[in-house]
Amino acid sequence: MPEPIAARAVVAYDKDLPEIPGRCPWEKPTQHLIKDEGKANGWKVENGRRPSQLLLVPKLRDKVDRWREEDYLGASDVSKHLFQYWFGEDHEVTGFSSPFRYHFCQREAIETLVWLVEIAGYKDAIDLIKIYADIHQENLWEQNIQFHTTTEGVRKIERYIPELNSKGVQDLPPEKLRRCAFKMATGSGKTWVMAMAIVWSYFHKKMISTSNLSTNFLIVAPNVIVYQRLEKDFASNRLFHEIPLIPPAWCSQFSLRVVLRDHVSEPDPSGNLFLTNIQQLYEFREQEWTPKNAVEALLGKKPAQDLASSGQRSMLERLKSLKDLVVINDEAHHVHDSELAWSRSLLSMNKSIHGGLSLWLDFSATPKDQNGMYFPWTVVDYPLAQAVEDRIVKAPLIVTKEEDAEQPDQDPENVTGNTVVEKYGYWLRAAVSRWKEHWKVYEDLQEKPVLFIVVEKSIYADAIGEYLRTTPELGFDESEILVIHTDTTGEIRANDLEIARKAARDIDKVNNKIKVIVSVMMLREGWDVRNVTVVLGLRPFTARAEILPEQVIGRGLRLMTNIGPDRIQTLEVLGTRNLLKTLQTQLEVEGVGVVAAKNDPPQPVKIYPLKERNAYDITIPITKPSLTHNLCILSNFSIDSLKPLYDQQEINVDYRIRLRAEFAHVRTEVHRINIDPEQSFPQQFLSSITTKLISYARLPSKFAEIYPIVRDYVITQCFGAPIDINDEKIRSHLSRLEMQEGVARYLARELSNVTVERREIEFERAEFRLSKTIPFTWRRNLQPSPLVARKTIFNYVATYNDYEREFAVFLDSAPDVEKFAALGTTEQGSSGCRFRVDYIKQSGAIGFYYPDWVAVQRTDQGLINWIIETKGRVWEDTIAKDHAIKEWCNRITKERKENWRFKRVNQREFNNKGASITLEELVNE
């Protein structure tokens, strides 16, 4: 039996992972990585967002970007309120780093959907393509896009497909069916976007009388494993209340009856969420049912032949009885052909429901049809490469060492169940060796890395599983190896299906014993296993093989939890030469920077407090939020202190939109026209301003109290003198959205200043010591080596960039600094408590600020506790944060009789003064 490789390094690398310094996943990307042809395995940062070749995406991105910059001009109040709540406010959510933020890809997805419906007026796919298609010409004399309709009435598009470098024909949705596809990488949070779409559609329908959306939803899963994941998220409306999806003032209005695939309950008039896998649409499940084969167990029982005899309506019949419906497909590449039964089921609902489906939304990392072409109705493109750059998935590493004499030159031939271990022994030993390195890093963090081995046949899986169980040198117990079997036809065996489902649910739990999974077919959607850190591919892939990177590595891409706020993790992929060559080529086509090189990959360092350094422990009082809105004050609020916002001269004439038409060829003016804005009742303008104000300031729903303030201010103060709000000239100006926005933003800030009250200091943990910080991992700014400092209780100092690293060195060397610690990256305490101070944002909303450093200075007058912020750039809310932390220091000083102070140190200021100074010299300007 081959001996495992122990001490000798099997895999090596020659450079760090490709990375965009300072990239934040909640901000719009402004740079991307590209291959550097001048360097072997080299990548460089290119300015600009990663381009997309998908048909609609480039132009839609530009439109949505401009719309966002215009503060969603023309959007409904419902949409604006939700956008403000989701993306403009800070949220603290248990189990997530603070403040909770949605990723930009999630934001862009829901923004694009809203823009298409509310601004572009999307009604038909052909019209959408005609207006927003990005034309890729195969040559100069052929028309790029042509539309056809078959004799059966199926609409088709013939076009040049850049991803295939050839022409192709694809089906299009039926006329007036608003179907959108969202290409979002595995692990990027598609489920949250589905939930956003549901919340938006629900309140749009509830609050806007002319809405053509719905309060009824159908989520379709392709198989039972995906279904069970979705059931966990949506059953009992759990997800809607677990993360900030519904504004607090609207929670009482949100009521969805969740109807699972085996439920027979009838729809609720107020709103329904149906959740099923597609073959169950026809099914009424009886109380007792046993699957006859593995396919039926995975996909569900076939439709009953005589539903009428059961006395209950099938789910399909109940869905068809609804007045309106939004369909959401998860893993939508399973429903991509009008000839498939699944697609026909959904299309039949579109015909049966009055007015057709309100929306049909497809979500997939690879929304491609059976011919490998992306759906032409794809409106969002968030590729794997961008997810890697954003660090919201693991960074894939292709692990190989070409010069290793022991590595076979060719993939093994004539492999049998008896010889599979011998012929694949090199890669098995290499994978186990790499997994053991991961285990050393993660075991102290209460995380359990998993090795995933993909083989070609079940007999191979059995033999490899037996080898792993019975080879003492490898160190595995029998209970730590899970083998998923398939039968002679390649289908998952029925008696293994429940084991597979349970593994998908429980594999990431700390008390789960499984360390290695060996399988043929389990790298599929629905296996949301976060703890896979090493994948070994032992299938005979060839250069001609049509493999997608996410099909090989997709189940290992999701981030492990509790690994530290830097969120940088890796997935190492090992395998035969052909697999790695093909995979690397495909990943580079997708734009993912992968490296296989000479030095060991830099593992994340573990940062934790050291008992030997207790002398450098620092106590920080963790306080509860102190700011709250007291709207009772509004009853005594006077508008006399408010300033005019606009000049009287602005409204002396009617506001009109002036257009000029020119003959394009010679730029000669041929016509002018003035367009009067739509005239509405004055109360409508005042109501709109009030609603916007409440949204910006995050005030509870006190419309009745705030509306009179808005009315009185607009009539008496806004324009420097009283106005007649019924005057047509005045109304023409108040109809301008930019004027409404201006008034709403100004009053939001002013009312927040008045209504925000500061509570007395309340301590969440009055005597929290940094020595109680839970260990966390860190990979940022570790070159040339992790930063070690003498005057901190931690073994290393966690810094994001070179400026922070230089500042840490300064604190460590400054003679008057007794001790210090980095705060912006540590989750203090076993409960995840983190030092933060609430403040008032520019919008008037209450936000949370997380300082960077704490330092204790020894002076002749005694000890001074410093909260220090290091800034490379001053942002919009910086001054407000400074004011909040200074106030916090003053209050803590008074409350605890300790000296607490704050200092913001801008990078330019620090560089000008130099590092060889005392803290006293730095803080005294």
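**Entry 1: surface and overall make-up**

I began with the surface: the protein exposes about 40,900 Å², and carbon and sulfur atoms supply 48% of that area. A reminder to myself before going on: this is a predicted model. Next I looked up burial, and found that 57% of the 925 residues in the protein are buried. For secondary structure I noted 25 helices and 32 strands.

**Entry 2: aromatic pairs**

How many aromatic pairs are there? My count came to 33. I like to keep in mind that a pair of aromatic rings is described by the distance of the centres and the angle of the planes.

I picked Trp-67 and Phe-83 to begin with. Their rings are 6.1 Å apart centre to centre with 80° between the planes, an edge-to-face pair. Trp-67 belongs to helix α1 (residues 57-69) and Phe-83 to helix α2 (residues 77-87), so this pair ties together parts that are 16 residues apart in sequence.

Is Trp-67 buried or exposed? Its relative accessibility is 3%, so I wrote it down as buried. Phe-83 has a relative accessible area of 2% and is buried.

**Entry 3: a tilted pair**

Then I turned to Trp-435 and Phe-476. The ring centres lie 5.3 Å apart and the planes meet at 45°, so I logged the pair as tilted. Where do the two residues sit? Trp-435 is in helix α13 (residues 425-442), while Phe-476 is in the loop between α14 (458-470) and β15 (481-483). That pair links distant parts of the chain, 41 residues apart. On burial, Trp-435 has a relative accessible area of 3% and is buried. Phe-476 is buried too, with a value of 6%.

**Entry 4: a ring cluster**

Back to Trp-67 and Phe-83, to see what else they join. Which residues do ring pairs link with them into a cluster? I listed Tyr-72, Trp-86, Phe-87, Phe-100, Tyr-102 and Trp-192 alongside Trp-67 and Phe-83.

**Entry 5: arginines over rings**

Last, I looked for charges over ring faces and noted two cases. Arg-179 lies over the face of Phe-375, 5.9 Å from the ring centre. Over the ring of Phe-763 I found the charged end of Arg-896, at 5.9 Å from the centre.

Terms used: Residues numbered from 1 in each chain as written. Predicted model: local features only at pLDDT ≥ 70, side-chain atom pairs only at ≥ 80, totals over all residues. Heavy atoms only, no water. Helix = DSSP H or I, 4+ residues; strand = E, 2+ residues; numbered from the N terminus. Buried < 20%, exposed > 50% of the residue type's maximum accessible area, 1.4 Å probe, protein only. Areas by Shrake-Rupley, 256 points an atom, 1.4 Å probe, with all protein chains shown as cover. Phe/Tyr/Trp six-rings, centres within 6.5 Å; stacked < 30°, edge-to-face > 60°. Lys NZ or Arg CZ within 6 Å of the ring centre and 35° of its normal.
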